[in-house]
Amino acid sequence: QNPKTKTQNQFYALTIALFALGLMAKPMLVTLPFTLVLLDYWALERFDKWNSANLLPLIKEKIPLFALTIISAVITIFAQKAGGAIQTVATISLSDRIFNAVISYAKYLAMMFYPANLGVWYPFENDFGVLQLGGSLVLLLIISALCLWQIRARKYLFVGWFWFLGTLVPVIGILQVGRQSLADRYTYVPYIGLSIALVWLLAEIFERLKLKNKAIAALVGICLLALTVLSGRQASFWKTSETLFTRTLSVTGKNYLIKNNFCNYLEKKNRFDEAAAECLAAIADDPNLPDAYNTLGTVEIKQNKFDEAKANFEKAIALNPNFVLAYANLAVVATNQNDFDAAAENLNRAIDADSGGFFDKSRLLDAFTGLAVAALKQKNYVRSAEFFQKALEITPGNTDFQRNLALSLHKQGKSTEAVRILEEAIRKNPNLPEVYNTLGLIYAEQNRKPEAIAQFQQALQINPNFTPAQNNLRMVLEQK
């Protein structure tokens with residue numbers, strides 16, 4: 001193997017490796033093999049005519065890249081489907097998707113030259129105007145026809161235009177992921193094609209007009225200055241979530257998703273009335289949006305409107321029977337209404353519906369602890385014992401949970417079991433005054449005065465300044 005061939009093979013292997021890494025970072029790169037074929041035609045000039053004799057050898061050398069493209073596409077589709085992002089034709093019909101794709105191509109083209117009224121998310125709208133749809137289709141057909149007409153004289157127009165059209169195919173919405181009509185964040189690769197066509201076309205025009213370099217430099221400088229100003233203005237909208245959401249809502253139509261997200265933002269800022277207004281606006285845009293009802297309910301919890309919150313969580317569940325957060329929030333409402341049976345039932349429903357791993361160890365622990373403490377405060381000792389037991393299953397050595405479980409059992413008349421739990425806790429960790437104090441309280445309530453005094457004294461021996469044990473010891477000693 002000669003050095004030149006060896007070097008080529010090394011670069012070939014490096015290309016495949018980098019492409020694989022690129023796909024793992026951003027599946028948008030799936031169209032790379034197709035764009036390489038375009039570059040083989042121009043600017044590499046590796047073939048002259050579009051026929052099988054020219055194309056097959058070039059495609060053959062790119063088989064590993066095409067294979068990676070297929071693998072990445074399959075993985076991406078399965079991942080999006082598992083996450084529930086892929087919309088069915090029952091939600092958005094195939095004809096609506098095609099019509100939207102035609103209009104989106106035209107909008108992406110316009111955005112290249114007039115980047116105004118940009119938002120962070122554009123809702124899917126299926127009320128397509130005949131003029132809008134027809135005008136977009138005619139525009140795309142005319143440009144495509146011109147590029148094909150000039151394919152021999154100006155190959156760069158064909159390559160640039162079909163680069164733009166081709167690289168947008170995976171994200172143009174035929175396979176609808178989410179419910180957006182378009183997403184300008186996808187255009188960084190497609191706009192390379194338009195830039196190729198534009199730059200080489202302008203270079204040819206300038207040459208024919210025999211413009212001097214200074215004049216060209218001045219024109220380019222003016223364009224760069226204008227784009228710099230516009231970029232600075234656009235970047236200012238991203239200063240905070242509020243400025244971004246407000247700007248997007250001002251340039252888009254019935255944007256239920258952004259209104260729901262804005263509601264979430266305002267809730268976290270404790271601006272509850274504004275948050276509720278945004279959620280209601282989102283529901284008005286799309287009455288079948290379970291997230292908006294759930295978000296509105298969380299706002300109403302903080303406004304102590306528990307009945308209204310409960311109604312909205314139930315609406316969310318009616319729209320999405322597996323809505324984990326809505327069940328969890330119903331548990332919160334029930335807890336605030338001291339209905340611990342309903343709280344336990346809804347929390348269990350949330351856990352059962354959780355196929356996405358929302359309830360990790362930390363969230364489960366927080367949920368059970370919150371219910372346990374609330375039940376204990378309301379003297380619902382059966383439920384508090386149940387919840388503290390579940391919390392202990394997550395963190396078996398937590399002495400605070402052990403003490404509260406013991407108290408809950410004692411209040412139910414299960415003092416023997418309560419004492420056993422505390423004695424086991426002391427055996428494993430004999431240096432915690434809180435445990436001795438709790439055991440002393442149980443003995444005191446059982447009128448076992450000497451044992452109670454011994455436990456309080458033991459707690460004070462470990463920590464002479466432990467106030468609860470001091471007060472309890474004084475109380476027992478003062479009893480007749």
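In which helix is Ser104 found? I looked it up and found Ser104 in helix 5, residues 94-113. Helices here are DSSP runs of H or I with at least four residues, numbered from the N terminus.

Before going on, I noted that the model is predicted, that local features need pLDDT of at least 70, that side-chain atom pairs count only at pLDDT 80 or more, and that totals for chains, interfaces and linings use all residues. Residues are numbered from 1 along each chain as its sequence is written, and side-chain values use heavy atoms, with hydrogens and water left out.

**Entry: Ser104.** I read a relative accessibility of 2% for Ser104, so Ser104 counts as buried (buried is under 20% relative accessible area, exposed over 50%, partly exposed in between, with a 1.4 Å probe and protein chains only). Leaving aside residues up to four places away in sequence, I have Ser104 touching Ile172, Ser181 and Leu182; contact means heavy atoms within 4.5 Å. A polar atom of the Ser104 side chain lies 3.1 Å from the backbone oxygen of Ser181.

**Entry: helices 11 and 13.** I took helix 11 (residues 256-268) and helix 13 (residues 290-302) next: their axes come within 10 Å and cross at roughly 15°. Axes are lines fitted to C-alpha atoms, for helices over the stretch in contact, with angles from 0 to 180 degrees between N-to-C directions. That crossing makes helix 11 roughly parallel to helix 13 (angles under 35 degrees count as roughly parallel, over 145 as roughly antiparallel, 65 to 115 as roughly perpendicular, the rest as oblique). From helix 11, I list Asn260, Cys263, Asn264 and Glu267 in the contact; helix 13 brings Asp291, Ala292, Thr295, Thr298, Val299 and Lys302.

**Entry: loop between helix 2 and helix 3.** Is the peptide bond from Trp42 to Ala43 cis or trans? I have it as cis, with omega near 25°. Ala43 lies in the loop between helix 2 (32-41) and helix 3 (52-61). Glu45 is found in that loop between helix 2 and helix 3, and its phi is near 55°, a positive value in a residue other than glycine. At 44% relative accessibility, I count Glu45 as partly exposed.

**Entry: Asn447.** I found Asn447 in the loop between helix 21 (433-445) and helix 22 (449-462). Phi of Asn447 is near 60°, positive in a residue other than glycine. With a relative accessible area of 69%, Asn447 is exposed.

**Entry: Ala342.** I placed Ala342 in helix 16, residues 340-353. Ala342 is buried at 18% relative accessible area.

Methods
Helix = DSSP H or I, 4+ residues; strand = E, 2+ residues; numbered from the N terminus. Polar contact = N/O pair within 3.5 Å; in protein donor to acceptor, adjacent residues only side chain to side chain.
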